[in-house]
Each structure stands twice: as structure tokens, then as C-alpha cells.
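Biologist: I would like to learn how to read a structure with several chains. Please take me through it feature by feature.

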Amino acid sequence: MSQNIENVQLKGVIFSPSELALVAPDITLTKYIKAGYRPSLRRFNEFKPMIISTAGISRYDISLLNDGKKINELTTVIGSSSIKCGGTSTICTISAGLVEDNFEAVNDYRMRLDADIIVNNDDKNEENEEIDNILGGNLINKNGCVYPVIEIAKGTTGPPGDEEIGLGEKLYETILHSGLINREELKVDVGLKSIDENGNEIILRGDDVGVIKKKFSFVIYARIQVFGKTGPLFDQCYASLVKALSDTKLPEVYLNERESNLRTKSGKRNANINIQSYDLVCDSVKYRKLKLRKDRICWSSTFGIVDLSSLNKEDNEGDIDIITETEEDIEQSILLTDLEGEAENNLSKRISVLSNGEGFFTSITIEKGNGSRITTDIIKQALELSQVRAKDMIPKF
Amino acid sequence: MSAYTAKQNILQQVDGSATFQFSTTKIISSITGPIEVARPRNEKPTEAFLSISVRPSTGTPTTREAFLEVKLKKILSCMINMEQYPLSEIQIVVQILESGEREQFTCMELACAVNSLYLALLNAGISLKASFLSSFCASKDDNIIVRPTKEELDTSTANHLSVFSISDGKADELIYSDSIGKTTETELFSALAAISSDVNKINETVREVILQSVVDDYVWKF
Amino acid sequence: MTTTDNSLNLVIPGDSISLENNDISNIALGPNVTLENDSTLQPTTAGLFVSSSTKGASKNLYYVDTASGRYVPQVGDLVVGTIIGQFGEYYRVSINEFSKEVLLNIFAFPNASKKNRPRLQVRELIYARVSSTEKSVDVELSCVDPTTGKDGGFGALSGGYTFNVSCAYARFLLFTPNAPVLKKMVEKLQFEIAIGVNGKVWIKSDSSKATMLCVYIISESQNWKQSEISENVDKLIKKFKSL
């Protein structure tokens, strides 16, 4: 053994910067950070420019491509957006479905039992409360939600992975809890299509439509496609979803008169059962815009935090104003904006903030990951920086 | 504020198990490992692979549970000494026995799952960097309600969940924090303060449970 | 309450343990502790903190003993395993449920040669020593006593019955001279025993009934205090005799 040790020779291996970035991304990152820059040559707190636009592919978009026609008849997409940020493109399309609000099951005894609302009261308000309770209490009653599906193009097909599910579920959660969409806004005012004495088509609304006892709501689905992933995607997905929602136009819905009421004999005992079967038709031309709550429109910023244990101050010639100094002054945490590239993507210490630019936040996630202690300072910095960014970006929606 | 109970060593056929209950939310979790990686593609040369599955109280797992798994993985992988178990797998199963909240919320289940997993990991003898516990709160009209009930959660404007590491019996570092709903900076910090003091409180009981369980394991020694 | 008893030195992760003498060159760390800084240790699991300075040895040993957890093989461990297969020059041996199987060379027996070696069958039990636990390589067992080159009690275990106890209890039974429960059993019963630190105990007595009695006593004794052993063993023996 001792002989072997004598023969050991240590040779320095030299990697070119591009090789080192592949072999040891973390070392490359530290080297860059010490020099005051990031591998993407951006500053620590420099955001990436983001181009936000409507994709112009939805049904009610008047586009030149469409021969100047009022609607794009080929699609059922009712809102769309396209976002480009560095090498990453995100396309979001919105579609909608109709659902009955007070479904049969509400009056089912078992459902009442589950929701702890066994009351024998025919008061109408009570009934409404019951329905609210089953549907999910105050929150769901006030806030509308979106069901997003994320697809990250990887060159392979298959079921959605952890990341895609995580993104989709986080979008759903934040949209729902932030109250971006008022639930009232999703309710459908069903009209009755009829023909008046003069033979013109008219649409009856409100009290004129006696037959419709049921209420309907829109359910909004979003499909977000991401191409060219370089870093965390939540910021871009959120931005594209909000942009697409602000572009969303909900069609007018009316009832086909012919099929408004149907009486039929069915069931085991051939009893008379009144089946209200509705043929709901969405108007192909008329629409209304989906209104979002302006104060709840947020901008999402995800920050990565790098810990440098012995940052030599002399190395920093640039004026880096984002560096925090902990009490001991040995360890420094540096906030990086808009993470990009493998090394930055590997940072597990992150803060993700959704800010409306006016002092409110609708979601704050702090992950310590494998980094050092998260300080109050760094959280405050992240919140502040996200506000600045939000102020800057929200007008672009 | 709701009560809580904890119990270790429930299941015999796994290496570690525990239940944790926050009044209406009850979760049992189990740990098996370190064992051979079930799928070779999951094998990591330098650290353990955590296979986490969350089972809902009713029905089959959905994207909601998948999202909980993602969150749990983030929390656990920075608390377990992962590099101690290279090329191996640690199987983690979280069974929600009673959800106690609406499906639109996850904070009660996540906090409960984190706490039960902490106990189960200790029971399985998995090497941990530090102790950790979690709690949650809701905010409404500038009030912070620590460990709210289902109804209080429904009417709140925002809810906060945090995980703190515990050093010398006191909440120490912030490991993970998740706030959703309309909130402000001051509210976030007061929520973090409220949760950390609640974690201190929970820790008193949980510590007793753990130490009692260690003593029970060593009955034959005395 | 026993838990507050400081003499037991119960620790959980996050508790810092300060060392009495600050000389870190003089300490040896056992399982489940990490060195936090020059004078404090951190336990990585819940258990009993043990610090021992054996006479003659220059180093102080610190570790946390824990009863729970999966058995991880270490060189020198005495284990009870089951042969689950054979390929080439190796037997495949299972020493723990769901853990990766380990290897036993067919020549890892005293004086084994190509022609003259023990031929073990699948499902047979063996008592062996862990001979190597290299990283990324299968763990290997050996049935040779490394100091004498003889069998040293290792080899196939025929007949009898194997069962599981907690790893800590197995260590206690194996390493405590005159473990109280075994001492008591020896007074009343005749049996052969092999204890593996992997939590497996093999036991064999004159009859199946006597074997089951021994099994029952040992597995139940995990939940007895030392003072209760004598009484409980007598009770069980009496109960079995009446069967």
C-alpha cells in the first residue's frame, strides 16, 4: 500500500469553460457569481425581457388572416396568448364548457350528510347556503377557477410528469385562491331563442324565460404548451395564463326553444317523469369579455438564491447592490432573478412570489432546499424586487 | 385552535410508521428503506431516491395528491441526509385517513403529513439533518388564526403553511413556506412568527412521544 | 416520567451535544452522530446517546444507539441468512426482507476446495460473517473465522426455527455476556441458538414444542423489564408444559 501511495501523481486537468459547465455546472456558476455576473451574462437582479402578446388564434379574434371575417369558425378556442422569454416560448389557449350549477345530487340525502347540513327548511336562502356548502363554501362561491393542463415539449410523448402536474396544480391553486376570476362572472345568463311576430329571431331573457329552472356556469380550461425549457417555468406559465384569460371572450348562450321542455314516461313504474333536457347553443358571433379582478392580476417572479461561503470582496468590481451580508459576514446569499441554464436550475433554495405591484401578494412560496439559512432580509428583498417587476410588467397584460 | 395527537410504530411490516392528527385531519405514514431501487432508472449514484406516494381518504390519487408529493419531496429531501444512502430507495407512503378540509385546500393535509413523516422517519431510523415540524394558519381581516377549523379556513382570505427545523427544542430555520390567497408582507411575517411559536408548542408533545417510544424500544435494557 | 430522566441521555435530531473535552482529534464517531463543530455533536436519529472511553483505547467513542430501522450490513457483523439461489461461484443470500441480496462465495468455507466443499441447498439457513461492504458492489459474506481460519461456529444451520427481533435487541443478546433472558433459559431448557445482528435469531431445541417455547420466550422478552424475566419465563414454561 505504502508503495502505491508514493507513486501517486496528481496532474492538473484543464477544462475549457464550456466543458467545465457540462462537467461541474455548480463550480462554473460560483466562478461566474464571484466575477459579478451569471452564466447568461446577466446581472444578478436583471430580469429577462418577456414579450407578451395575444396569439390571435381564438374564435372571436378578428384577424387579417381570416379574410376579415368576424369570427374564426374553425376553432373553439376562446382566448389565447403567446409569450416569448429568451429561448422559451409559451402558448396558452383557453376553452370552456358548460356545467349545471345546482345539480340533482345537491338534494341527495347522502350529499347532505357529508356536508353536515341536514336541515328541514324550505327557505330559499337556506337552500342556497346548502348549495354553497356542498360546492366548497365561501371560497368557491366567490372565486372562479381555471383547470390548466401544461405540456412541456421534450421530444417524447407520454403522460404528464411531476413537473407538469406540479405547474398545473399550482396554477389552479393560485388562480382559485387569488380570486382573479369572480365566480359571478362565469355564470351564464341563458336566453331563449325564439321568433317574434314579424319572423325575426329574438332572444328572450330573464322573466320571459319561464321554463329554465336550472342555472349554468362556464368551466374554463387552459392548455399551456411550453417549447424550449431553460429554467423554472411557473413565471411564464402564469403570465401566459393571465394574458390568455384577459383575452378570453365567452359566447352568449341560449336555449333552443323546441327542446326546452320534455315530458316523458319512463322509469320502472312508467311514472310521469319531468325531464328537463336542454339543448344549449352557444352563439357563433355574439360574445362578452371575461372580466378579471384588476387588483388581483399579479406578476410571478421566481428567485434562486446562491450561497457563497467565502466571497472575496475584491473580486467584485461591479456595483452589485443586491448582495446581502449576514451578521457573520462570511456567508452571503445572492438573489438571482429569472433562472436560466442547468446550474441555476439546480438551485433548490428558491423564493417564488406573485405580486400585484401595489403591496399585495397572492402566493409566496419559500423553499430552503439545500442552501443555508433563509434570512428575513432575503425574503424582504425578494418581495421588494417582485413588486418592482410587477409594477413594470402588469401594464403589459 | 385544534388539538393534536401523535403515535409512532403502528405498522409491523414496514421499517417505520406513525400517525399524526390535527383535530379533524388524520394521516398515517410509513417508511421502508433504505432498500434496493425498484426501478433502475430511478437509481441515483450519489444519493437516495425518495419514492413518495400520497393516498387520498377517498377515491384514487389525482393531480392534487401528485402536487402534494412534489411538495413533500422538496421538504423531505433537504431534511434527510440523502448522501448517506447512495443507490438506494426510501419508500414513503402517506395515507390520508381523514382529510378534514375541502379539496380546494391542502394546508391541513400537508402540515399533518409532514409531521407524521417526521415521526415515521425517526421510527425508521433514517438519518436526519435536524428535527422538523409543520403547522398552518389562516388570515382574515388582519387576524391570524393558528390551526383554523374547516369553516374558518373557508372564510379566510389567505392561508399559510410553514415547516421549521427544530434545534434544541425550539423552532429554528425556515425550511418551507407556502402562502396562498391575498396577503401582505407584514401578514406573511406575522404568520411565520405565529407558526413558529405553534411549532414550539407542538414540539413539546411530539418530543415526549418520540422519547417515550425510544424508551419503549429499550424496555429490556432496564 | 422516564423520558425526562437525563441519565438515559435520550436525544433527537437537532439536539446539540456538547463534548466535555474539546480535543476533537481524540474522538471517534459511531453511527447516527455527526460533528457539528469543534465541540458539539448532532444526533441524526432518535435514540440513546452513548459515550464510552474504553480502557487502553486512546479515543472516546460517541454514538447514538437506536432500536428501530432497517439493518444495513457492516464488515464483521454476524448474520443469519437464507440461501435463495446459486449462480457461478456464488450463493445468493437474503439477510433482510426487501433489502438487496448479498453474496456468499462457495469457497468461503474452512478448507473448502473444488471437490470438498459444503453443498448448500436453496432455502437453507446459514450463520455467517459480513466480509466486505464495498460501495456500489454487492455485500459479501464468509463462513470462515478470519483469526483462526476455522469454522468458528459459522456454516449451515439445520433444523430449528428463525424469527425476527429488533436489531438493538439482537445486538444486546449477542454482545452481552450472560444476557439475563438467555441465562434464565439455560437453567431450564436445552437449546442451540444463533443470533444475527440483522435482527434474526435461529433457535433449535429437542422437540418442535420446546423450540416454539424458546422462540416465544425470546420474542416476548423484548417487552419485558429485566426484573420481570425470571417470573415471566417460569410462567411461560409452565403454560407450555400444560399444553
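This is a predicted model: local features need pLDDT of at least 70, side-chain atom pairs count only at pLDDT 80 or more; totals for chains, interfaces and linings use all residues.

Biologist: Let us begin with one chain. How many helices and strands are there in chain C?

Modeller: Chain C has four helices and 16 strands. Its C-alpha trace spans about 55 × 50 × 35 Å along the principal axes.

Biologist: What percentage of the residues in chain C is buried?

Modeller: Burial is judged by counting neighbours: a residue is buried if 20 or more other C-beta atoms lie within 10 Å of its own. In chain C, 33% of the 243 residues are buried. Of the contacts in chain C with a separation of 6 or more, 59% are between residues 24 or more positions apart.

Biologist: Now the sheets. How do the strands of a sheet pair?

Modeller: Strands of a sheet pair through backbone hydrogen bonds, and the pairing is either parallel or antiparallel. In chain C, look at the open sheet of three strands with the order 14-16-15, where the pairing is antiparallel. Strand 14 (161-164) and strand 15 (191-195) of chain C are the edge strands, each pairing on one side only. From one strand to the next, the twist averages 20°.

Biologist: How many bridges join strand 15 of chain C to strand 16 of chain C?

Modeller: Five bridges join them, and the two strands run antiparallel; strand 16 of chain C covers residues 200-205. For one pair to find on screen, take C:E192, whose bridge partner in strand 16 of chain C is C:K204.

Biologist: Which helix lies across strand 14, strand 15 and strand 16 of chain C?

Modeller: That is helix 3 of chain C, residues 208-221, and its direction is at about 145° to strand 16 of chain C.

Biologist: Where does UniProt list "domain: K Homology" in chain C?

Modeller: The unreviewed UniProt entry lists "domain: K Homology" at residues 160-208 of chain C. In the model, this span is 39% helix and 31% strand, and its end C-alpha atoms lie 8 Å apart. For chain B, an unreviewed UniProt entry gives "domain: Exoribonuclease phosphorolytic" at residues 6-126. Those residues of chain B are 26% helix and 33% strand, with end C-alpha atoms 19 Å apart.

Biologist: Next, the place where two chains touch. How many residues do chain C and chain B bring to their contact?

Modeller: Chain C brings 34 residues and chain B brings 35 residues. On the side of chain C that touches chain B, strand 6 (47-52) and helix 1 (167-175) each supply at least two residues. Helix 1 of chain C gives the most, with three residues. By type, this side of chain C has twelve nonpolar, 18 polar and four charged residues.

Biologist: Which strand of chain B pairs with strand 16 of chain A?

Modeller: Strand 9 of chain B, residues 170-183, pairs with strand 16 of chain A in the antiparallel sense over six bridges. Within chain A, strand 16 pairs with strand 15 (residues 350-355), also antiparallel and over six bridges.

Biologist: Is strand 16 of chain A mostly covered or exposed?

Modeller: Strand 16 of chain A (residues 361-367) is mostly covered, with seven of its seven residues buried. In the hairpin of strand 15 and strand 16 of chain A there are five residues between the strands, and A:G357 takes a positive phi near 80°.

Key: Residues are numbered from 1 along each chain as its sequence is written. Chains are lettered from A and ligands numbered from 1 in the order in which they are written. A residue is buried if 20 or more other C-beta atoms lie within 10 Å of its own, exposed if 12 or fewer, and partly exposed in between; C-beta atoms are placed from the backbone. Two residues are in contact if their C-beta atoms, placed from the backbone, lie within 7 Å. Ala, Val, Leu, Ile, Met, Phe, Trp, Tyr, Cys and Pro count as nonpolar, Asp, Glu, Lys and Arg as charged, and the others, Gly among them, as polar. Two strands pair if DSSP finds at least two bridges between them. Axes are lines fitted to C-alpha atoms, for helices over the stretch in contact, and angles run from 0 to 180 degrees between N-to-C directions. UniProt positions are given in the numbering used here, feature names are shortened, and annotations may be inferred rather than shown by experiment.
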